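Subject: Structure handover

Dear colleague,

Here is the structure I said I would pass on. My notes on what turned up in it follow below.

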Amino acid sequence: MEAVSDQDTSVCTHCDRAVPVANIDLHYAHCSRKLEKCKICGDMVPRKNVEDHYLNTHAPVSCSLCSEAMERDILDIHKGENCPQRIVTCEFCEFPLPAIDLAEHQEVCGNRTELCHLCNKYVRLRERFGHEARCTGIIQDSSVGSSRNVREAEGEQGARRRPQNDFSTKRLIFTIAITGIAVILGSFFLQRKVEPSDVH
């Protein structure tokens with residue numbers, strides 16, 4: 001009879017683990033009676049915990065944001081990267097909103113304009129970073145006949161006409177001031193008339 005060395009191993013037919021040959025019979029008896037191979041992940045799980053293993057590891061779960069059913073191990077990735085209801089931030093206004101609404105929101109939001117303080121031109125928010133990189137801060141000559149320059153020239157003419165606006169603003173403020181004074185004087189005289197009648 002051949003001597004069995006401590007280094008010789010045999011593979012358990014139940015769990016596919018290498019076990020020393022001297023212990024294979026005892027291992028197999030214990031392994032086949034107490035453990036079961038998970039049909040999904042292949043892990044050896046105690047027979048009494050097979051259902052718990054499935055429920056805690058492999059059972060489909062619903063996303064709390066969009067109610068989509070998925071495997072538990074991808075839920076965190078789904079919530080962080082793929083869920084259409086995850087909260088994301090608009091790159092233009094930093095407003096938080098569901099990811100499913102982001103494209104439509106940014107289409108509108110990116111078309112808003114802000115004044116570039118270097119060149120005094122209004123720039124779309126979606127073009128702001130490119131504009132800032134290229135902007136020289138020089139107000140360009142409006143003698144070139146593009147439609148944009150025509151609009152700018154019209155805007156400058158509108159700015160020259162603003163003194164009329166300033167006049168009407170001054171007139172409005174004057175009217176409000178006179179009305180306020182009239183109200184104060186009226187209430188003052190009304191109080192004087194009411195006082196003698198209270199005495200009777």
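A salt bridge joins the side chains of Glu-127 and Arg-124, at 3.7 Å from N to O. Glu-127 counts as partly exposed because its relative accessibility is 37%. Arg-124 is likewise partly exposed, with a relative accessible area of 40%. Please keep in mind that this is a predicted model.

The structure holds five salt bridges. Another of them is formed by the side chains of Asp-16 and Lys-37, with N and O 2.7 Å apart. Asp-16 is in the loop between β1 and β2 while Lys-37 is in strand β3 (residues 35-37), so this pair ties together parts that are 21 residues apart in sequence. Lys-37 has 33% relative accessibility and therefore counts as partly exposed. Asp-16, at 48%, also counts as partly exposed.

The side chains of Glu-36 and Lys-39 make a further salt bridge, at 3.9 Å from N to O. With 23% relative accessibility, Glu-36 counts as partly exposed, whereas Lys-39 counts as exposed at 78%. Both residues belong to a network of salt bridges that also takes in Arg-47.

Backbone

Asp-16 comes up again here. Its phi is positive, about 60 degrees, although Asp-16 is not a glycine. The loop that holds Asp-16 runs between β1 (9-11) and β2 (18-20). Ser-67 is not a glycine either, and has a positive phi of about 70 degrees. Ser-67 sits in the loop between β5 (61-62) and β6 (69-70) and counts as exposed, with 56% relative accessibility.

Overall, the chain has seven helices and ten strands. Of its 200 residues, 18% are buried. If contacts between residues at least 6 apart in sequence are taken, 4% of them join residues at least 24 apart. The chain exposes about 16,100 Å², and 55% of that is supplied by carbon and sulfur atoms.

Buried parts

In soluble globular proteins, nonpolar side chains tend to be buried together. The largest nonpolar core in this model has eight residues: Val-88, Cys-90, Phe-92, Leu-97, Ala-99, Leu-102, Cys-109 and Leu-125. Helix α4 (residues 99-109) gives the largest share of this core, three residues. Apart from this core lies another, of six residues, including Cys-12, Val-19, Ile-24 and Cys-31.

Leu-102 is in contact with Val-88, Thr-89, Cys-90 and Leu-97. Cys-90 is in contact with Phe-95, Leu-97, Leu-102, His-105, Gln-106 and Cys-109. Cys-90 lies in the loop between β7 (87-89) and β8 (96-98). What does its relative accessibility make of Cys-90, buried or exposed? At 1%, Cys-90 counts as buried, because the cut-off is under 20%. Between Cys-90 and His-105 there are 7.7 Å, C-alpha to C-alpha, and the two are 15 residues apart in sequence.

His-53 is a further buried residue, at 15% relative accessibility. Helix α2 (residues 50-58) contains His-53. Leaving aside neighbours within four places in sequence, the contacts of His-53 are Cys-38, Cys-41, Asp-43, Val-45 and His-58.

The annotated segment

Which residues does UniProt list for "transmembrane region"? The record, an unreviewed entry, gives residues 172-190. In the model, residues 172-190 are 100% helix and 0% strand, with 27 Å between the end C-alpha atoms.

A nonpolar surface patch of about 620 Å² is made by Phe-174, Ile-178, Ile-181, Leu-185, Phe-188 and Phe-189. Ile-181 is part of helix α7 (residues 162-199). With 48% relative accessibility, Ile-181 counts as partly exposed.

Best regards

Definitions and conventions: Residues numbered from 1 in each chain as written. Predicted model: local features only at pLDDT ≥ 70, side-chain atom pairs only at ≥ 80, totals over all residues. Heavy atoms only, no water. Helix = DSSP H or I, 4+ residues; strand = E, 2+ residues; numbered from the N terminus. Buried < 20%, exposed > 50% of the residue type's maximum accessible area, 1.4 Å probe, protein only. Contact = heavy atoms within 4.5 Å. Areas by Shrake-Rupley, 256 points an atom, 1.4 Å probe, with all protein chains shown as cover. Core = buried A, V, L, I, M, F, W, Y, C linked by side-chain atoms within 4.5 Å. Patch = residues over 30% accessible without salt bridge, like charges linked within 9 Å, V, L, I, M, F, W, Y side chains within 5 Å. Salt bridge = Lys/Arg side-chain N within 4 Å of Asp/Glu carboxyl O. UniProt positions renumbered as here; feature names shortened; annotations may be inferred.
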